[in-house]
Amino acid sequence: MSQQISAGLRTVPLAVEPLNRKDFTTDQEVRWCPGCGDYAILATFQGLMPQLGIKRENTVIVSGIGCSSRFPYYVDSYGMHSIHGRAPAIATGLAMAREDLAVWVVTGDGDALSIGGNHLIHALRRNVNITIILFNNRIYGLTKGQYSPTSETGKVTKSTPAGSVDTPFNPVSLALGAEASFVARTVDSHRAHLTEVLGAAISHRGASLVEIYQNCPIFNDGAFDGLKGPDSGLIPLRHGEPIVFGPDNAQGIVRGAGGVLHAAPVAEVGLENVLVHDAHRADPGLAFELSRLTDAGTVVNAPVGIFRDVERPAYDDLARSQVTMADDPAERLAALQGLVNGPDTWVV
């Protein structure tokens, strides 16, 4: 019997021989702009895959349209560069048909949240066994700098020369509102954190969404500079631990008198009054509140880590449990014919 890995509860065959990063690197020239955050994400992904040990032939990457969607070209596994916004739909079909596959979706903020918004929320709502990586650079990069569904209000771009009047999506809030069972956020330049979060996402049984803040050096450079360096505004989320951040963890997240979460000096409020993160809480309300701590304009503060990680039945598991087929071909044909004929037929 071959070795297997549990991707959530999904049984995926393991490689017999140890794998390394080269096994997941193709001979294709990587064609992103110099300095693009996609390079860091690709390198991290190629470094993570050998650790999982999943066979390359049991790994599938489906992408839509955009800079990030070139990803399948650069990973030596099965993959499909599909159509704009429809990657979750195609990935759903794969997960339904092949339980032995680790199915990844690679998408961007424009691809996933604009034309693909409907596909995204329903894949999350259904809890299909797919892992969605959403590269968020808050701009349309491939089409040369138009504003996207995550661009801040007032953003001046080629398509909004007087500034965007849209209210931007918060992808984490959107995923939690769609009842996603696993929701996380990380940053392209934080390789260790990125590896940790992606590893947890693929191990989750059901739909996982990981938002990655990703720098676009050409059309939206420096959008996440506030989250880098010694005075980083990152707010780390770790299950079971107080939510503290900043130099020497001097700041903590507390619930104010009005019931609203906010940051306060730990020395003033006391560590015992700092909110303790619970990623496994069934009600997504607290995770949603934490997602709202993200700045809507220039990103200065942002929670990162796993917001929600709960167990609930996966759509493809439930659907497969409804399908029973006899071993005898004649019996299978008769059963299928019965479904085709059904009770609601008529003769004209």
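The paragraphs below go through the overall build of the protein chain and then its cysteines.

This is a predicted model, in which local features need pLDDT of at least 70, side-chain atom pairs count only at pLDDT 80 or more, and totals for chains, interfaces and linings use all residues. Residues are numbered from 1 along each chain as its sequence is written, and side-chain values use heavy atoms, with hydrogens and water left out.

The protein chain contains 11 helices and 13 strands (DSSP runs: H or I of at least four residues for helices, E of at least two for strands). Its C-alpha trace spans about 75 × 55 × 45 Å along the principal axes.

Of the 348 residues, 48% count as buried, meaning under 20% relative accessible area, with exposed over 50% and partly exposed in between (1.4 Å probe, protein chains only). Among contacts (heavy atoms within 4.5 Å) with a separation of 6 or more, 68% come from residues 24 or more positions apart.

A disulfide is a covalent bond between the sulfur atoms of two cysteines. Here the criterion is a pair of cysteine sulfur atoms within 2.5 Å, and the count is zero. For C67, which is partly exposed at 26% relative accessible area, the closest cysteine sulfur is that of C36, at 6.4 Å, too far for a bond. C216 is buried, at 9%; the closest cysteine sulfur to its own is also in C36, at 6.5 Å, again too far for a bond.
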